[in-house]
Amino acid sequence: MKRISIISATALSITVSTMSHAQTAQKTVQPNPYTLVYEGAITENVKGKVNIHPVSYKLNGMDIAANVYTPANYDSSRKYPAVVIAHPNGGVKEQVAGLYAQRLAEQGYITITADAAYQGGSGGTPRYVDKPANRIEDIHGMADFISRYKGVDTARLGLLGICGGGGYSLKAAQSDKRFKAIATLSMFNSGVVRRNGFMNSQVSTIQERLKKASEARALEASGGEILYANNSAVPLTDQQIAELPFDLYREGYLYYGKTHAHPNSSGKYTLSSLMDLMIFDASTNMDLINQPLLMIAGSKADTYYMTDEAFNKAVNVESKELFLINGATHIETYWKPEYVKQAVDKLVNFYQTNL
């Protein structure tokens, strides 16, 4: 049965990295030893507290860089529920995915978040290949690794996908029944947006962009230059940022470029990746998901239409809920304390019920 929950929230200010929420006041901070860029991030492993464990493993011959978070007083002889967390497009494990991984670990879960193959600290060349099949395989790979981690109860394995990672998590969950409960936060349907443009703003140029992607692949195959989309080296001015057409892009530019910037994070991707992205749709075959499903979005998010469409297509899920955080935009669910708390509280309730 479809349930929609809405909770009111009061905006709270937050100072992250060297920029305040208003991006005005400068502040000197010590670099995080794990390069984490979210508020309240772990700075050292303390006995009896939540700990972070940088790990690496092979996935199809490629080195994957990941962080595992263990709960306070972790005892490897015990059994814990675990959650795999997939990061947004262009993001890395040290940003919002790490924030949610740490918050869930604080509630007793072993969590893992990994950089996508070809991106962040993970291996793979050329850099910034962004193909849906790879991102879905990344999620399966995180499940492979964490299922062998000491203390993990494989019968209680959950999945959380954020933004683009949410769309890929829906796809992964359609076939991977190791995941017993599926959640998304601010889900972004990467393929549909790459094809049609955000809010269908680029439908008229689909064939032109497919042609350019095909030409880029031909150039790669001949040993030529690797061409990239979103590859401008010139940062936008404050005025240009303010003039961007959607909240997602305005706030996303500030999040990734200023308040929560990380050197491994980049919004660019190989132009040839569009050949794969533009034929992908995270909301197809949603009838294959039969695990409990929770989809969270901000009530003011201009990406909400993607969550709504996918949610309504999940016709074979007996227990599903669409949870709206009142007043939140897409990017605000990544960092704003009050909104993050609401999302984490809802996720914990969901996982406790279904894992």
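**Figure 1. S186 in its loop.** S186 is buried, with a relative accessible area of 1%. In this predicted model, S186 sits in the loop between β9 (181-185) and α4. The phi angle of S186 is near 50°, a positive value in a residue other than glycine. Most residues other than glycine have a negative phi.

Figure 2. T125 and P126 are joined by a cis peptide bond, with omega about -5°. Most peptide bonds are trans. Y128 has a positive phi, near 65°, in a residue other than glycine. How is Y128 classed at 19% relative accessibility? Y128 counts as buried, because the cut-off is under 20%.

**Figure 3. Helix α1 (residues 96-105).** The buried residues of α1 include V96, L99 and L104. Q102 and R103 are also among the buried residues of α1.

**Figure 4. Helix α3 (residues 164-175).** Helix α3 is mostly covered, with 11 of its 12 residues buried. Which residues of α3 are buried? They are G164, G165, G166, G167, Y168, S169, L170, K171, A172, A173 and Q174.

Figure 5. What does I146 touch, leaving out residues up to four places away in sequence? I146 touches V68, A82, V84, I110, I112, V152 and L157.

**Figure 6. The largest pocket.** The volume of the largest pocket is about 1500 Å³. The pocket is lined by 45 residues, and N230, Y253, S266, G267 and K268 lie nearest its centre. Helices α4 (190-196), α5 (206-221) and α7 (247-259) each supply at least two residues of the lining. Which helix gives the most to this lining? That is α7, with six residues. Sorted by class, the lining has 23 nonpolar, 17 polar and five charged residues.

**Figure 7. The largest cavity.** The count comes to one cavity of 30 Å³ or more. About 60 Å³ of space lies in the largest cavity. The residues that line the largest cavity are A86, H87, A114, D115, A116, R135, D138, I139 and M142. Helix α2 (residues 132-147) provides the largest share of this lining, four residues. By class, the lining of the largest cavity has five nonpolar, one polar and three charged residues.

**Figure 8. The protein as a setting for the close-ups.** The protein has 11 helices and 13 strands. Its C-alpha trace spans about 55 × 50 × 45 Å along the principal axes. A compact globule of 355 residues would have a radius of gyration near 20 Å, and the protein has 19 Å, which agrees. Of the 355 residues, 54% count as buried. Among contacts between residues at least 6 apart in sequence, 74% join residues at least 24 apart.

Note on methods. Residues are numbered from 1 along each chain as its sequence is written. This is a predicted model: local features need pLDDT of at least 70, side-chain atom pairs count only at pLDDT 80 or more; totals for chains, interfaces and linings use all residues. Side-chain values use heavy atoms; hydrogens and water are left out. Buried means under 20% relative accessible area, exposed over 50%, partly exposed in between (1.4 Å probe, protein chains only). On a 1 Å grid over the protein atoms alone, a cavity is a set of points where a 1.4 Å probe fits but cannot get out, and a pocket is an open set with protein on both sides within 12 Å along at least five of seven lines; lining residues have an atom within 4 Å of a point. Grid points are joined across faces, edges and corners, and a volume is the space filled by probe spheres set on the points. Ala, Val, Leu, Ile, Met, Phe, Trp, Tyr, Cys and Pro count as nonpolar, Asp, Glu, Lys and Arg as charged, and the others, Gly among them, as polar. Contact means heavy atoms within 4.5 Å. The radius of gyration is taken over C-alpha atoms; the globule rule is 2.2 Å times the number of residues to the power 0.38.
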